[in-house]
Amino acid sequence: MAEYIIKNGFVFDPVQGIKGEKSDVAIKDGKIVKDVSKSAKVIDAAGKTVMAGAVEIHAHIAGPKVNLGRIYRPEDKLFTCTPTKGIERTGSGNSIPSTFKTGYEYAKMGYTTCMEAAMPPMFSRHVHEEIRDTPIIDEGAFPVFGNNWFVMEYLKNNEVENTAAYIAWLLRATKGYAVKVVNPGGTEAWGWGLNCLSINDPVPYFDITPAEIVKGLIEANEYLGLPHSMHIHPNNLGNPGCYQTTLDTLNLAEGYKAKNKFGREQVMHITHMQFHSYGGENWGNFESKATEIMNYVNSHKNLTMDTGNVTLDETTTMTADGPFEHHLTGLNHLKWANCDVELETAAGVVPYIYSPDIKVCAIQWSIGLELALLAKDPMRCFITTDHPNAGPFTRYPRVFKWLMSKKARDERLNTFKNADKVIAASTLGSIDREITLYELAQMTRAGPAKSLGLANICGGLKPGMDADVAVYDFNPDKPLADPEMIETAFSRAAYVFKSGVQVVTHGDIVSIGNKRTLWVDVKVNDNPQVMRDIKEKFLKYYSMTQANYESLGHHFVPNPFALEVDATQV
Amino acid sequence: MAKITLNLISGRTISQGVAMEGGKEKDLYRKACGIIEMDDADFKKLGCWKNTNVRVTSPYGTVIVKAQETSQGPHPGVGFIPMGPWANLIVNPNTYSTGMPTFKGVPVEVEVAMDQPILLGVELVQKACRGES
Amino acid sequence: MTKSVTDVVCPFCGTLCDDLEVTVTDDGKQILDVYNACAIGAEKFLHSQAKDRITRPRLQQPDGTWKEISYDEAADYTAKMLAGAKKPLMYGWSSVNCEAQSVGNEIAEMCRACVDNTAAVCHGTTLIAVQDIGLPTCTLGEVKNRADTIIFWGCNPCHAHPRHMSRYSIFPRGFFTGKGHKSRKLVVVDPRVTDTAKMADIHLQVTQGQDYELLNAFRVAIRGEWLPDVVAGIPKEKIIEATNVMKAGRFGIIFFGMGVTQSLGKNHNIDEAIAVTKDLNEYTKFSIMPMRGHYNVTGSGEVLAWQFGYPYSVDLTRGFPRYNPGDTSSIDLLNRGEIDAAFVIGSDPGAHFPISAVKKISQVNSVCVDPHITPTSGVSKLHVPVAFNGVETGGNAYRMDNVPIDCRKVVDAPEGMLTDEQFLVMVRDRVKKLKGVA
Amino acid sequence: MKNSPALYLETENICPDEFAGKTAAQIAELHVYEGNTKSTLGKYFEISGDAGATAGETKIVVKGDVTKVKYIGMKMSAGEIVIDGSTDLYAGAWMTGGKMTVRGNIQAFAATGMKGGELIIEGNAGNYLGAAYRGDWRGMSGGKILVKGNAGSDVGMYMAGGEMVINGDVDVHLMTHAEGGKIIVKGNAPSKVAGQMVEGEVIIFGTIDVMMPGFKYVDDVDLEIEGVTAKFAHYIGDTGERHKKRKGQMVYGNLYQKI
């Protein structure tokens, strides 16, 4: 494999504590190394910013609901498709890009590892087919567990070990990466058109509460010692006053400590916090509770979170929170898609326009930025747009601009249609903090990688780590003339390396690299009871056979990368 | 000679499905799809016995099929030809710019054509394409 | 000695039964028997064994006779035709696995062709409706476990999806439906007294072509507004009775078929049916699902969507995808005389398109890839027989509820026969050379 | 038009916005597509005269047989186009301003998503006139369309504003899903009129074979439509559809049929 040396760039690497010092990054055989031979290809990074490849911890980029979004939104593509270009396949879609465009766009921004945030287990073959067709980036997918019949039946009787054994079986059957929870209990209730809006609402028939599901899954997750923690989208998303439910949910992690060999310290990751930080009783007195939320998060080391920044675009919302999407279509009257999945989960899809002229949208925009700017530990607060829910991931550079430049965000804040009302509804206007490049590297590289249990593999530039490197045309030594330079620079990296392969040069795709599928392979002791339960559920209640459910042949996951976990000794 | 007007529907039947998998060049396919199902009342109007060859004509074409009593009736005034080449010789190709032809709801005239042969699926289409029918 | 293959997936219809058992000779060459399949599914497996089967590509001669050629020659012919055409149509894809569909899409992109699947004449109008107002749906297991109210609208599963009712919709005993058939109410809307209608608690014999009006009346009745005495041949009282049944259940579902997608109103019929479903979710839980025909028409839509963004009728002639049924849809392309070459795979437009469109196929250069002799192969310049998908080769497929199931190979194809995917790869590599693509 | 295409031609460049500020020679260099084959306007058309400095100052007259030419006047924002005959799909699609006159007939998808301007068809119009693009809930929102002959099906689907007058008959599905705007049909409408209409106005001078059950007769009213005063039966609907409330009053779509 080729050798490279990236010379004289301003390097930002939280893993090694490098804060913009001029230094070289050497690449050999796909890894970062101390030094390389004379024959190494030299990449001149003088006057440029060098970081590890970015890590996406939560996006909806592959699978049934994403594709349902593509299928039912031809208008999302009108006049914006890109023709075949060199090795680049044709691309389509703004808020829901085609798989090809998804891979290219992430790579061009310097992202090299991305997590699909919600995989319905029964549809894992579909998710993996799309992952296979998404070029360049390493991907993993989180199967959803929070409304799963096995999980609810086991946890009703506090059977954590059985829950763990089932998790291990499902992760293997679906080639899944982590334990995802969406609106615990609420989505099962949606099977009857109902919901669970607090952590204590009992789940119809199953006689268990969201709180019990969440605590039980934290315990099972730590029992197994998985790379990532339980990853949760709490109950009561998106409603005025929901921040209280969020605090209740965060509180469930109280007292739990992470047990794993991957260097992960949190036991709960709360995703798209923006949607869960709302105060007020209605849309009229809707306001930000980011301060309350961040005070809690800042003082609890066993939590990590991502923001879910609103980008003020027309986009497509999609979530396993079925009842929420039904609620949303009632608000905006736009087309509603829903799919309930037997024994496991559901999903809904509704287009949404975050208009700067609508007060609530502008406040949502403020909250997302507020959360990131109030975060004391950038290693525990990560930047996302919950793509495509709060906005397309292609807007990351714009979000970076708003976070890194008070000038840029004040310009936006002060020109909203209802500016004074918007300003009054959050503390954003009074925040002077500007995220530094080092903090950006923490919030988009080292932080998410550590939270995912990938700290030794990606998110940093330490010798021995995968050579995922992004070089940006951005000179931190020069005074920032115009905040737009941030957005421009991070939109199209000068150079990107993925596992040591140069995939982007001056914003163009030059190789589709060696894309991998990340999954977690857990060994547990034989558990005949769980195996019996699985067999029975397939015989009686599933609409496909267990053998076909478990078959996930090589053609679905051509280049797997398994993180091994041995839970037989616990 | 008597003529009756029916509203034509085409659609799947289980024997159409079986015969299709058995081979569209075969006689079984003709037996399954080269037919029109009508109500007893319409047979009387037409003044012919069941299992008579008839000519079915629409604004879009004409075809010879065997008239049979419907097994899924009564549906007075409605004729049913299983989906296949025979039906497609006479269905309405208008898509109203939706991409979908109007396979169902085509006004047709039915008349007795005892001496006329019912062609096999493949040759029927080949002939039609050569403009021989 | 014989061996038995279990969990076999049936490659006929969108029900995609995956519990078939097939016994084969232990050399794996001969199918002896098929268990659990419906009559059509069984025939699909058994016919693959037909002695008179065509096993080599054939080129039609001016006099209508056929000349056997090699797969290499066939791939050359196909690649030249596609690469040379100004607006080739690549149609079918619905009885083909997703892996082959993907290769086909790559060819289409390189040749800047139009790609379309059988939704064009089946549930294309459903997709248009979904694009207009969405689709509240579920997997078939949800129906089995929860549904107590079943509506079949313009579909006849007894004939078109024979095992649908026993596996998912009417008879099975699910988690919350322990009494099976007894725990469910069945409403059928059809202009004929179909065998499905004969089983119904309520049959509404709608005037053909007025489903849109009847569905609208359902919405009016659900809202308790004024109704005319008779709508689409159905008295007001029966309409109200039916909507009350639908409101009363705990989990209902509307299954619909070509009776609504192909009748006057087309996409609007589905649009209104989806609106009914959406309305009912204000009172109880309701879903709706198209009864997809070909076993993998759904898969073709999925693959096209994640690669190009649209589920069917994709026009790549400008180097990027465009979509608008009425313009980019096969029937319109053919009837309007927009295309100059036709490549057909995994479907039979010759039998299932209106004859005016079939004539157009016969008038341009055309290749038909199909294991069977069909009306399409009969009017094509080149016929390329291939292995039977789901019988002689596996590969992924999508059920009518979008659930992916990986099909199983049961027996070997006859000596020297290729699969769709193998043949398409040969064509793709040749097209790459012709187009000078690395 | 000097050479007609073997297939169909896509000429979105025949548009004042594209011609503006160009000489005949430069205009001849603008691209057209026949299927996947790129070529120039000059290959198919003989171009005479120069364009104005701006779209507003540019008038295009298209002569010859353009029945197999798509996208004429697509996205035009100003100026004028006169087509001296019949043309194919997407005439004046997504136009925002200016004036387009077609002396003959047009095919489907004309004035798709029209925002402004004026479209006059002296012959017949096809399906989906002034309708929304697939999947879009934002149909014709402004401008005027006049059809002197008949129009096809799905006219004004998802219409939100603007006005259409059709002197002849229309086919099924008039103003489906409309949330505003006004359509006047001097002839007949067979059935499926104003289904799922949320808001808007449709006036039919001729017959309606089958009225939507969601339309409820209110009263007879005298209306003056384009100089003609007459008595109309007034219906409101679609009562099966959702409706906004204004000042506590439910706002329905209005359908008027001449008695």
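How many residues of chain B are in contact with residues of chain C? The count is 44 residues of chain B against 53 residues of chain C, where two residues are in contact if their C-beta atoms, placed from the backbone, lie within 7 Å. This is a predicted model, in which local features need pLDDT of at least 70, side-chain atom pairs count only at pLDDT 80 or more, and totals for chains, interfaces and linings use all residues. Residues are numbered from 1 along each chain as its sequence is written, and chains are lettered from A and ligands numbered from 1 in the order in which they are written.

Chain B has five helices and six strands; helices (H or I, at least four residues) and strands (E, at least two) are DSSP runs, numbered from the N terminus. Read from the N terminus, the elements of chain B follow the order β-α-α-β-α-β-β-β-α-β-α. The radius of gyration of chain B is 14 Å, close to the 14 Å that the globule rule gives for 133 residues, so chain B is as compact as a globular protein of that length. The radius is taken over C-alpha atoms, and the rule is 2.2 Å times the number of residues to the power 0.38. Along the principal axes, the C-alpha atoms of chain B fill a box of roughly 35 × 35 × 30 Å. Of the 133 residues of chain B, 55% count as buried. A residue is buried if 20 or more other C-beta atoms lie within 10 Å of its own, exposed if 12 or fewer, and partly exposed in between, with C-beta atoms placed from the backbone. Among contacts in chain B with a separation of 6 or more, 74% come from residues 24 or more positions apart.

Now return to the side of chain B that touches chain C, for which 44 residues of chain B are in contact with 53 residues of chain C. On this side, β1 (3–11), α1 (14–22), β5 (78–82), α4 (85–88) and α5 (121–129) of chain B each supply at least two residues. The largest share, six residues, comes from α5(B). By class, this side of chain B has 19 nonpolar, 20 polar and five charged residues. Ala, Val, Leu, Ile, Met, Phe, Trp, Tyr, Cys and Pro count as nonpolar, Asp, Glu, Lys and Arg as charged, and the others, Gly among them, as polar.

One helix pair spans the two chains. The axes of α1(B) and helix α1 (residues 39–47) of chain C come within 8 Å and cross at roughly 5°. Axes are lines fitted to C-alpha atoms, for helices over the stretch in contact, and angles run from 0 to 180 degrees between N-to-C directions. α1(B) and α1(C) are therefore roughly parallel to each other, since angles under 35 degrees count as roughly parallel, over 145 as roughly antiparallel, 65 to 115 as roughly perpendicular and the rest as oblique. From α1(B), the contact involves B:Ile14, B:Gly17, B:Val18, B:Glu21 and B:Gly22, and from α1(C) it involves C:Ala39, C:Ile40, C:Glu43, C:Lys44 and C:His47. Four of these residues are nonpolar, three polar and three charged.

The helix α5(B) is mostly covered, with seven of its nine residues buried. These are B:Gly121, B:Val122, B:Leu124, B:Val125, B:Gln126, B:Ala128 and B:Cys129. They pack against α2 (27–33) and α4 of chain B together with α14 (349–352), α15 (355–363) and α16 (375–379) of chain C. Just after α5(B), B:Gly131 has a positive phi of about 75°.

Chain C is divided into domain 1 (2–47), domain 2 (58–119 + 295–435) and domain 3 (124–290), with bounds that come from an automatic or database domain assignment. The centres of domain 1 and domain 2 of chain C, taken over C-alpha atoms, are 25 Å apart. Their contact takes 18 residues from domain 1 and 16 residues from domain 2.

Chain C also meets chain D, with 32 residues of chain C in contact with 28 residues of chain D. The helix α8(C) gives the most to the chain C side, with six residues.

In chain A, A:Leu437 lies in helix α15 (residues 437–451). With 19 C-beta neighbours inside 10 Å, A:Leu437 counts as partly exposed.
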